[in-house]
Amino acid sequence: MICHFRKIVPMLIVFGLLQTVPVLQAEMKITLKDGKVIEVPVSKDDVESIDYVSSGDQEPEKVFADDAIRIQSAKYGNVSFELGNDLGYKQYFCDAKPALTKECDGNTKCKIIVGSQICGDPYPGRGKYLYVEYSCGNKLKRAKNTQTEVMRLSCP
């Protein structure tokens, strides 16, 4: 009986250890610009973006992976060198950021057909350009295309 007991005790100890092994989960803490800290799973396959709502009635702020597009600014239009202005030129632009944010933010690649469907026609009858500044993590990128062209934004 003692020999039998010697075989059972090690098996019970090993079985007990297997049951108590914790499942490892890795999380990363991110400090936002406003000083608040959020926890994010490390695997980029688990998270594409996280909604972060600060106090108040504001829209949720998204926190994206480093390989995701984040539109910083976008304008569509052109400049006219008309006389009678202190600057010597007039600007005819509309704010294209809301349309591009909706279409591209959080994606690794994005295609936009440059035209008045983005935010209207700020300079009728004249050639226009789409100017975009976007970030991929901490890297700022710029793009410029003329109307009717296809703008391609990407983050590696």
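The model is a predicted one. It holds 3 disulfides, and the count of salt bridges also comes to 3. When the bonded cysteines of the protein chain are numbered in sequence order, they pair as 1-4, 2-3 and 5-6.

**Disulfide Cys-94 to Cys-119**

- Cys-94 is joined to Cys-119 by a disulfide with an S to S distance of 1.9 Å, and the angle of 60° about the S-S bond makes this link right-handed.
- Because Cys-94 belongs to strand β6 (residues 90–95) while Cys-119 sits in the loop between β7 (109–113) and β8 (129–136), the pair ties together parts that lie 25 residues apart in sequence.
- The two partners are placed in separate accessibility classes, since Cys-94 has a relative accessibility of 14% and counts as buried, whereas Cys-119, with a relative accessible area of 26%, is partly exposed.

**Disulfide Cys-104 to Cys-110**

- The sulfur atoms of Cys-104 and Cys-110 are 2.0 Å apart and form a disulfide, which is left-handed, with -55° about the S-S bond.
- Cys-104 counts as buried at 0% relative accessibility, and Cys-110 is likewise buried, with a relative accessible area of 7%.

**Disulfide Cys-136 to Cys-155**

- Cys-136 and Cys-155 form a disulfide in which the sulfur atoms are 1.9 Å apart, and with -85° about the S-S bond the link is left-handed.
- Cys-136 lies in strand β8 and Cys-155 in the segment after β10 (150–154), so this pair ties together parts of the chain that are 19 residues apart in sequence.
- Both cysteines of this pair, Cys-136 and Cys-155, are buried.

**Salt bridge Asp-105 to Arg-70**

- Asp-105 forms a salt bridge with Arg-70, and the closest N and O atoms of the two residues are 3.9 Å apart, a distance that falls within the 4 Å cut-off used for a salt bridge.
- Since Asp-105 is found in the loop between α2 (97–104) and β7, and Arg-70 in strand β5 (residues 69–80), the pair ties together parts that are 35 residues apart in sequence.
- Asp-105 is buried, with a relative accessible area of 17%, while Arg-70 is partly exposed, with a relative accessible area of 28%.

**Salt bridge Lys-128 to Asp-121**

- The side chains of Lys-128 and Asp-121 meet in a salt bridge, with an N to O distance of 3.1 Å.

**Salt bridge Glu-133 to Arg-142**

- A salt bridge also brings together the side chains of Glu-133 and Arg-142, at 2.8 Å from N to O.
- Glu-133 is partly exposed, with a relative accessible area of 25%, and Arg-142, at 63% relative accessibility, counts as exposed.

Definitions and conventions
Residues are numbered from 1 along each chain as its sequence is written. This is a predicted model: local features need pLDDT of at least 70, side-chain atom pairs count only at pLDDT 80 or more; totals for chains, interfaces and linings use all residues. Side-chain values use heavy atoms; hydrogens and water are left out. A disulfide is a pair of cysteine sulfur atoms within 2.5 Å. Helices (H or I, at least four residues) and strands (E, at least two) are DSSP runs, numbered from the N terminus. Buried means under 20% relative accessible area, exposed over 50%, partly exposed in between (1.4 Å probe, protein chains only).
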